[in-house]
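Open your viewer and have the selection tool ready.

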Amino acid sequence: RLRTNVGDGLRNGLASGLASATCKTLLHPFDVIKTVEQASKTKLGMVQAFKQVSAESGAMSLFTRGLDVTLIGSVPSIAVYFGSYQFFKKTLSAHMVCC
């Protein structure tokens, strides 16, 4: 039974980590634009920040600028969080007596 719970935890952790990587990758360009807007000395809108990033580094930099750090920080933590949640939920619920 414990072996099944470990497998469920690992499977859930892997799925959660991949989902986190996908989400972070797809939403990263908006985060880059937001950061450029906030760091600008003049008030920039979303379109102006996009144009500035594209002119300086190219449009693909929206997907590459800082993405590695974001993924290194979020993917393992999400995978461990949800994987351990699934493992302990199954393990502890098997030992609990209800009503």
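Where is the place of Thr91? Select Thr91 and you land in helix α4 (helices are DSSP runs of H or I, at least four residues, numbered from the N terminus). Before going on, note that this is a predicted model, where local features need pLDDT of at least 70, side-chain atom pairs count only at pLDDT 80 or more, and totals for chains, interfaces and linings use all residues. Residues are numbered from 1 along each chain as its sequence is written, and side-chain values use heavy atoms, with hydrogens and water left out.

Stay on Thr91: it counts as buried because its relative accessibility is 13% (buried means under 20% relative accessible area, exposed over 50%, partly exposed in between, with a 1.4 Å probe and protein chains only). Now show Phe87, whose backbone oxygen lies 2.8 Å from a polar side-chain atom of Thr91.

Next, select Arg65, in the loop between α3 (61-64) and α4 (67-95). With 33% relative accessibility, Arg65 counts as partly exposed. Leaving aside neighbours within four places in sequence, Arg65 is in contact (heavy atoms within 4.5 Å) with His28, Val32, Val36, Val53, Glu56 and Ser57.

For the last stop, select Val32, Ile33, Val36, Leu44, Ala49, Val53 and Leu62, the seven residues of the largest nonpolar core (a set of buried Ala, Val, Leu, Ile, Met, Phe, Trp, Tyr and Cys residues joined through side-chain atoms within 4.5 Å). Two or more residues each come from α1 (2-39) and α2 (46-57), and α1 gives the largest share, three. Click Ala49 to find its contacts beyond four places in sequence: Ile33, Val36, Glu37 and Leu44.

Key:
A polar contact is a pair of N or O atoms within 3.5 Å; within protein, one must be able to donate a hydrogen and the other to accept it, and residues adjacent in sequence count only if both atoms are side-chain atoms.
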